[in-house]
Amino acid sequence: LAMIGGRDFNESKYNRAVQAIRQPGSVFKPIVYTAAVDNGYMPCYEKLNQPIVVQQADGSRWTPSNYDGSIGGKTTLREALRRSLNLVSARLVQEDVPPRQVVHYARSMGITTPLDAVDAIALGSTGVKPIEITAAFGVFANRGVLVSPVSILRVEDRFGNVLSTASPQSRGVLSEETAYIMVDMLRSVAQEGTGSASVSQFGFSRPAGGKTGTTNGCTDAWYITFTPQMVVSTWVGHDDPSMNLGERQTGSNAALPITVPTIKSALDTLGLPVQEFTRPSGVVDLAICNESKMLAGKYCPDVVTDIFDRRYQPQSECDLHKNARSMIRESAKTKPGRKKIKY
């Protein structure tokens with residue numbers, strides 16, 4: 001619908017939207033999580049939010065950390081994406097969806113730039129073109145269908161005769177179920193996570209997903225958001241990648257305040273109605289035990305509801321809490337100062 005490649009064409013004819021190759025940082029994580037979801041790892045799947053050490057091919061060691069330096073215990077994929085936890089994403093690539101698989105999904109979703117099949121791909125270490133990562137997010141909104149961006153709609157001669165026209169090229173690259181589950185997880189990001197300022201500060205209350213991205217030293221800042229009708233992304237940075245944006249100029253602080261007012265204004269100006277994402281029949285809500293991640297039984301003390309692809313939903317009822325005694329034991333564990341009951 002629109003593209004801005006720089007501040008002033010007279011100053012620079014370099015179109016950053018289609019020519020720049022910049023590190024995406026955490027805006028690449030949804031591709032990693034897509035690979036996981038499409039292979040059966042549902043939003044409630046847990047990984048340890050703990051430090052890891054990766055021995056690299058050149059003999060060096062890679063020791064990623066979370067942006068805020070935090071660590072924690074078992075963390076669901078939904079929570080990890082909501083908080084953009086680097087440690088969980090790195091473990092996911094190291095243990096569940098190997099780098100080559102992530103590269104495969106990135107290619108299918110329209111990323112054409114060279115991608116290094118290394119563990120650091122979990123954190124968006126390899127450069128992408130802004131227009132391509134934007135189109136990749138369109139796959140989520142478009143029920144798994146990639147539409148390649150088109151910039152020239154038609155060619156006319158000097159008399160106005162149409163010599164040729166262009167039509168969008170599209171192809172299905174994800175199942176509707178995977179696309180919807182990713183939409184649902186990215187809605188958690190936009191409403192309650194690193195992109196929550198879109199609601200709390202800018203009042204963007206439409207159903208929308210989003211993802212922030214920040215590279216080392218705040219060199220690149222990103223925010224990509226989407227509704228069922230539109231995707232808008234912003235990259236903020238200097239042409240010289242050795243220059244940074246300044247302290248705390250993250251995706252949520254530098255890019256989100258540009259992206260969200262833009263999409264709000266565009267949707268309102270075009271008169272597009274508030275629209276929900278289409279949920280496929282293959283996605284179901286299930287009540288599960290928060291400890292075992294199995295179907296909740298009547299004695300499970302901590303029950304949560306999450307969405308699942310029918311193909312990968314749990315089939316068995318929780319076997320950790322089979323009677324009232326197990327429920328009492330769990331309750332005793334979680335209440336400080338309460339005497340534990342022995343059986």
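Buried means under 20% relative accessible area, exposed over 50%, and partly exposed in between (1.4 Å probe, protein chains only). The model is predicted: local features need pLDDT of at least 70, side-chain atom pairs count only at pLDDT 80 or more, and totals for chains, interfaces and linings use all residues. Residues are numbered from 1 along each chain as its sequence is written, and side-chain values use heavy atoms, with hydrogens and water left out.

**View 1. R16 and D239 form a salt bridge.** A salt bridge puts a side-chain nitrogen of Lys or Arg within 4 Å of a carboxyl oxygen of Asp or Glu. Here the closest N and O atoms are 2.8 Å apart. R16 sits in helix α1 (residues 16–19) and D239 in the loop between β11 (231–237) and α9 (251–269), so the bridge ties together parts 223 residues apart in sequence. Helices (H or I, at least four residues) and strands (E, at least two) are DSSP runs, numbered from the N terminus. R16 is buried, at 13% relative accessibility. D239 is partly exposed, at 45%.

**View 2. K47 meets D96 in a salt bridge.** The N to O distance is 2.8 Å. K47 belongs to strand β1 (residues 46–48), and D96 to the loop between α4 (86–95) and α5 (99–108), so parts 49 residues apart in sequence are tied together. K47 is buried at 7% relative accessibility. D96 is buried too, at 15%.

**View 3. D268 pairs with R206.** Their closest N and O atoms lie 3.5 Å apart. D268 is in helix α9; R206 is in the loop between α8 (197–200) and β9 (209–214), 62 residues away. R206 is buried, at 14% relative accessibility.
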